[in-house]
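Please look at the sequence and the model shown here before reading on. The report then takes up a few features in turn.

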Amino acid sequence: MRKSYYLFNPGRLSRKDNTLKFTPLDEDGNEGTPKYIPIESVDNLYTFGSLDANSAMYNFLGKEQVSVHFFDYYEHYTGSFMPKDYLLAGKMLIAQSEAYSNKKKRKQIAQKLVDGAAFNMLKNLRYYNNRDKDTLTQIERIEALMLRIPFAEDIETLMGIEGNIRMSYYAAFNVIINDFEMGNRSKQPPGNEVNAMVSFVNSMCYTLSLDMIYHTQLNPTISFLHQPGERRYSLALDIAEIFKPLLADRLIFSLLNRKQVQQTDFDNRLNSCLLKDSGRKTVVKAWDEKLNETIKHRSLGRSVSYKHLVKLECYKLSKHILGIEEYKPFRAWW
Amino acid sequence: MYVILVYDIEEKRVAKMLKLCRRYLNWIQNSVFEGEITDVKLKELIHEARKIMDKEADSLIVFKSRQAKWLEKMVIGKEKNELDNIL
C-alpha cells in the first residue's frame with residue numbers, strides 16, 4: 001500500500017540512488033540528518049513547508065507517477081505537480097465534453113451531485129441530533145430545500161439551492177461544535193478558528209479528489225455543477241462536494257469536540273485566523289488516518305478505504321458519462 | 001504485508017544493497033530495514049538483491065508479518081530513525 005507523505009519541515013528533497021532523500025533545514029539554514037523516503041512506498045507528496053528541489057527530482061517523480069501538492073503559508077492550495085497523463089482516452093474526453101455541453105445531461109449530473117452532498121450533510125446533522133445537539137431546524141430547512149432540486153430549471157438555480165443548503169448546514173456548526181463559534185463562513189482569510197479549520201480541511205479534500213481524478217480517465221477541468229473556469233480543476237470541486245460532509249466536516253467536529261485541536265493551535269493576527277504548524281500537523285495526521293480507515297462496501301462486498309471511495313465515485317461518474325450505468329451519488333449509509 | 005529485512009553482506013557489495021533497499025523500505029539501523037510492502041514489490045526486491053549478492057558469502061533474511069499491528073517493536077537506547085509519513 002502506497003502512502004502519502006506530508007512535508008512540514010523546510011528542507012531539500014532530492015533524487016539520490018533512485019530514491020528520495022529529504023534533508024531538513026533548521027531556521028538558521030543548517031542541514032539536519034537526511035531521511036530517505038522509499039520511493040516504492042510513495043503515493044503522493046504534500047508540501048507545507050518551503051521545499052528546495054531540482055528538475056532531476058521532478059523528472060524522477062514523473063517517471064514514478066508521484067504527484068506533489070503545494071500549499072502556501074496561509075494554508076491555501078496553490079497547485080500540484082502532476083506527472084504527464086498516463087490514462088489518456090479521447091473517447092472519454094469527447095463524452096465528457098458532450099455531457100457538459102448538452103444542457104439536459106449536465107443538469108442531470110449536477111442535480112445528482114447536489115442531492116448526494118445534501119444527503120450526506122443531513123446524515124451528519126441527524127447523527128448529532130441523536131446526540132443531544134438540537135439541529136432539527138436546520139434538518140427541516142435542508143429537507144425542504146432538497147425537494148426543490150429536481151425542479152431546478154438551470155445550473156444557476158441549482159447553485160442557488162446548493163448555497164442555501166450549505167448556509168443552513170453551516171448554521172448547525174455552532175450547535176455541534178462545543179467551545180468555538182463559527183458565525184458566518186468567511187474565507188480569504190478565515191475569520192475565526194472554525195472557519196480556519198473548514199478552509200484547511202476543505203482544501204485537503206479538494207486535493208484528494210483531484211488526485212483520484214488523475215488516476216481515472218476523467219478530465220479534471222470539465223465540471224458539471226461548478227462552472228468550468230480557467231486555471232482550475234473544477235471537476236475536483238464537484239467530487240469534493242459529495243465527500244466534504246463525510247470526510248472533512250466529521251473530522252472537524254471530532255477534532256474540536258475532543259479537544260485534539262485547541263485555542264493554542266491557532267494564530268490570530270491581523271483580522272485573520274490560521275492554524276499553527278502544531279495544529280496543522282494534528283489535522284493532517286487525523287486526515288491521513290481517516291482516509292485509510294476502511295468500511296465494508298455494500299455492493300462490492302469487501303472493505304474499501306475512504307480514499308478508495310472517492311476513486312469509486314470517479315469510476316461511477318465516468319460510467320455514467322459513457323452511458324454504461326446511471327450515476328448514483330454516494331450516500332453515507334451509516 | 002509488513003516486513004523486516006536484515007542482511008549481512010561483504011563490504012564491497014554492501015553499498016549497493018543499501019541503495020536497493022532504500023527504494024523499497026525504511027532504513028532503521030545498519031543492515032536493517034522495515035516497512036509496508038506488497039507481495040510483488042517484495043519479489044522484485046529479492047530478485048534485484050540476488051543479482052547483487054554472492055550466494056556463497058552473503059545472506060539476506062526477511063521476516064514477514066501480516067500487518068504492522070501484529071509486530072511489537074521495542075527500541076532500547078537511541079532510536080536511529082523514527083518512521084513517520086509526516087516530516
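Predicted model: local features only at pLDDT ≥ 70, side-chain atom pairs only at ≥ 80, totals over all residues.

What follows is a short report on a sheet, a chain and a cavity.

Residues are numbered from 1 along each chain as its sequence is written, chains are lettered from A and ligands numbered from 1 in the order in which they are written, and side-chain values use heavy atoms, with hydrogens and water left out.

## The sheet in chain A

Chain A has an open sheet of four strands in the order β1-β5-β7-β8, with mixed pairing. Helices (H or I, at least four residues) and strands (E, at least two) are DSSP runs numbered from the N terminus, and two strands pair if DSSP finds at least two bridges between them. The edge strands of chain A are β1 and β8 (77-81), each of which pairs on one side only. On average, neighbouring strands of this sheet are turned by 20 degrees against each other, direction ignored.

Strands of a sheet pair through backbone hydrogen bonds, either parallel or antiparallel. In chain A, β5 (residues 42-47) and β7 (residues 67-71) run parallel and are joined by four bridges, and A:Asn44 stands opposite A:Ser67 in β7(A). Helix α6 (residues 193-214) of chain A lies across β1, β5, β7 and β8 of chain A, running at about 160 degrees to β7(A); axes are lines fitted to C-alpha atoms, for helices over the stretch in contact, and angles run from 0 to 180 degrees between N-to-C directions, while contact means heavy atoms within 4.5 Å.

## The make-up of chain B

The secondary structure of chain B comes to two helices and four strands, and from the N terminus on its elements run β-α-β-β-α-β. The C-alpha atoms of chain B fill a box of roughly 35 × 30 × 25 Å, taken along the principal axes.

## The largest cavity

A cavity is a set of points on a 1 Å grid over the protein atoms alone where a 1.4 Å probe fits but cannot get out, and lining residues have an atom within 4 Å of a point. The largest cavity has a volume of about 50 Å³, a volume being the space filled by probe spheres set on the points, which are joined across faces, edges and corners.

Among the residues that line the largest cavity are A:Met1, A:Tyr5, B:Tyr24 and B:Glu34. The largest share of this lining, three residues, comes from β3(B).

How values were computed:
1 Å grid on protein atoms, 1.4 Å probe; cavity = no way out; pocket = protein on both sides within 12 Å on 5 of 7 lines; lining within 4 Å.
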